[in-house]
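Could you walk me through this structure in the viewer, one selection at a time? I would like to know what to pick next and what I will find there.

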Amino acid sequence: EGLFDFLSYLSLKIDTNITDSRIIILHSTALIKETINHLNTTKFSTCNCFMDNDASGKHALKTLTQSFPNKVNDSSTLYQNFKDINEYLLNLG
């Protein structure tokens, strides 16, 4: 599902500089610890998170925010009234 969320994001054409970004797609929030381990070895200035608006997504976001204070942006506010970015996209127009 993470890949389809990313494709939905691309279809919204929000960020025209996406090719300059490093992208990590989580297929499960169970991979959050492995993601943190990877990010600890990577130089990055910000982490834009498009987590689902459910308990698991919120927990993953909190875990990332605690690990990287001042670097994590909660991008789920874009679709705050929907479960995920796919549901948001389906409800446009």
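Here is a short tour, stop by stop, through a predicted model.

**Stop 1: rings on helix 1**

Begin by selecting helix 1, residues 2–12, and show the side chains of phenylalanine 6 and tyrosine 9. Across the whole model, the count of aromatic pairs comes to 4. One of them is formed by phenylalanine 6 and tyrosine 9, a stacked pair with 6.4 Å from centre to centre and 25 degrees between the planes. The two residues sit 3 apart in helix 1, so about one helical turn separates them. Colour by accessibility and you will find phenylalanine 6 buried, and tyrosine 9 buried as well.

Phenylalanine 50, at 28%, counts as partly exposed.

Now show the three rings together: Phe6, Tyr9 and Phe50 are linked into a cluster by ring pairs.

**Stop 2: the nonpolar patch**

Switch to a surface view and select Leu3, Phe4, Leu7 and Leu10, which make a nonpolar surface patch of about 360 Å². Zoom in on leucine 7, a residue of helix 1. Leucine 7 counts as partly exposed, with a relative accessibility of 44%.

**Stop 3**

Next, select leucine 89, which you will find in helix 4. Its relative accessibility is 28%, so leucine 89 counts as partly exposed. Which residues does leucine 89 touch, not counting those up to four places away in sequence? The answer is Ser8, Ser11 and Leu12. Draw a C-alpha to C-alpha distance from leucine 89 to serine 8: the two are 81 residues apart in sequence, yet 7.0 Å apart in space.

**Stop 4: a charged network**

How many salt bridges does a search of the whole structure find? There are 2. In general, side chains of opposite charge can pair when their charged atoms come close.

Lysine 83 is partly exposed at 35% relative accessible area, whereas aspartate 52 counts as buried at 15%.

Aspartate 84 is buried, having a relative accessible area of 6%. Shared partners join Asp52, Lys83 and Asp84 into one network of salt bridges.

**Stop 5: phenylalanine 82**

Select phenylalanine 82, in the loop between strand 2 and helix 4. At 24% relative accessibility, phenylalanine 82 counts as partly exposed. Leaving out neighbours within four places in sequence, the contacts of phenylalanine 82 are Asn53, Glu87, Tyr88 and Asn91. For a contrast, draw the C-alpha to C-alpha distance to threonine 63: phenylalanine 82 and threonine 63 are 19 residues apart in sequence and 21 Å apart in space.

**Stop 6: two last selections**

Show phenylalanine 44 and lysine 71 together. Lysine 71 lies over the face of the phenylalanine 44 ring, 4.7 Å from the ring centre.

Finish at asparagine 70, in the loop between helix 3 and strand 2. Look at its backbone torsions: phi of asparagine 70 is near 70 degrees, a positive value in a residue other than glycine. Asparagine 70 counts as exposed, with 81% relative accessibility.

Notes:
Residues numbered from 1 in each chain as written. Predicted model: local features only at pLDDT ≥ 70, side-chain atom pairs only at ≥ 80, totals over all residues. Heavy atoms only, no water. Phe/Tyr/Trp six-rings, centres within 6.5 Å; stacked < 30°, edge-to-face > 60°. Helix = DSSP H or I, 4+ residues; strand = E, 2+ residues; numbered from the N terminus. Buried < 20%, exposed > 50% of the residue type's maximum accessible area, 1.4 Å probe, protein only. Lys NZ or Arg CZ within 6 Å of the ring centre and 35° of its normal. Patch = residues over 30% accessible without salt bridge, like charges linked within 9 Å, V, L, I, M, F, W, Y side chains within 5 Å. Areas by Shrake-Rupley, 256 points an atom, 1.4 Å probe, with all protein chains shown as cover. Salt bridge = Lys/Arg side-chain N within 4 Å of Asp/Glu carboxyl O. Contact = heavy atoms within 4.5 Å.
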